[in-house]
Amino acid sequence: MIEIKQATKNFAGKAAVKDLDLTVPDGKIFGFLGPNGAGKSTTIKMMTGILPLDAGSISMNGVDISTDPMKAKHQFGYVPDRSDIFLRLKGMEYLNFFGDVFDVPPNVRKEKIEYLTKSFDIYEALNDQIHTYSHGMRQKIVVSGVLLHDPDVWILDEPLTGLDPKSSYTLKEMMREHAAKGKTVFFSTHVLEVVEQLCDEVAIINKGHVQFRGSMKEMKQQFQEDNNLEKLFLELTQNE
Ligand SMILES: Nc1ncnc2c1ncn2[C@@H]1O[C@H](COP(=O)(O)OP(=O)(O)OP(=O)(O)O)[C@@H](O)[C@H]1O
């Protein structure tokens, strides 16, 4: 479970995220939807301890990210929206690096690497350096690295962007399976359609504020009844 209380982040005196309250329950796929610049990445960076909060608190499975960052970081796996990292490593070296960092035992590691990379169709490329990979392949190796240690809480920033349809389907299935095991899946997107396909619950963020939080059915009703949300809906459906 993720609990965000009154989280605030300012850049140059201007609030990118203001007094944000959000509880992400276990056992559901939770979508964090908002147009470009709404504050999604800033929120995720606060959740993952990359950016310090200016006010408020965030906890992962009850562990506070500001006061107990090491323990909190063991609760989750995070897939960032940009994946240009460790380009000189071969795919297998990259995954072994993650296996070492998170102490994944050799036999589990071998099995997991095979399962993940075969599912994503990058198994054959594991002996190539990552700089030779396409954007989609880089995204897939990053996701594989994060899932290698089987974190309870998944935090994924625009995870489907740049993935081919088959890999996108595979990742969505993995997200469904993880939630079905009673674990937490939180992901951000600026595409309404993705939320419609995948989510049990959604929060809509705009200009640093949560404008709506509820089930998919409730979201559709709100879109029809609320003028401001209707405008936002148009903006969200114009993207990709
Ligand atoms: N490091 C930074 N310095 C200054 N302003 C920033 C910084 N990071 C984000 N912002 C501003 O904060 C606001 C929220 O940005 P954020 O990246 O969180 O939005 P987003 O919803 O993730 O958008 P996108 O879908 O485009 O990634 C924007 O106005 C952005 O310009």
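**Reading a predicted chain: a tutorial**

Among contacts in the chain between residues at least 6 apart in sequence, 68% join residues at least 24 apart. The model is predicted.

User: What radius of gyration would a compact globule with 240 residues have, and what does the chain have?

Analyst: A compact globule with 240 residues would have a radius of gyration near 18 Å. The chain has 18 Å, so the two values agree. Along its principal axes, the C-alpha trace spans about 55 × 40 × 35 Å. Buried residues account for 40% of the 240 residues.

User: How many helices and strands does the chain have?

Analyst: The secondary structure comes to 9 helices and 10 strands.

User: How do strands of a sheet pair?

Analyst: In general, strands of a sheet pair through backbone hydrogen bonds, and the pairing is either parallel or antiparallel. Here, 4 strands form an open sheet with antiparallel pairing, in the order 2-1-4-5. Strand 2 (14-24) and strand 5 (63-64) are the edge strands, each pairing on one side only.

User: How many bridges join strand 1 to strand 2?

Analyst: Strand 1 (residues 2-11) is joined to strand 2 by 7 bridges, and the two run antiparallel.

User: Which residues surround the ligand?

Analyst: The ligand is surrounded by F11, A16, G34, N36, G37, A38, G39, K40, S41, T42 and H190. Helix 1 gives the largest share of this shell, 3 residues.

User: Let us turn to a single residue. Where is H149 found?

Analyst: H149 lies in the loop between helix 5 (135-147) and strand 7 (153-157).

User: Why is H149 called partly exposed?

Analyst: The idea is to count C-beta atoms around the residue: 20 or more others within 10 Å make a residue buried, and 12 or fewer make it exposed. H149 has 17 other C-beta atoms within 10 Å, so it is partly exposed.

User: Which residues does H149 touch, not counting residues up to four places away in sequence?

Analyst: On that count, H149 touches F102 and V104. Another pair to look at is H149 and G99: they are 50 residues apart in sequence, and their C-alpha atoms are 6.9 Å apart in space.

Methods: Residues numbered from 1 in each chain as written. Predicted model: local features only at pLDDT ≥ 70, side-chain atom pairs only at ≥ 80, totals over all residues. Pairing = 2+ DSSP bridges. Near = placed C-beta within 6 Å. Rg over C-alpha atoms; globule rule 2.2 N^0.38 Å. Contact = placed C-beta atoms within 7 Å.
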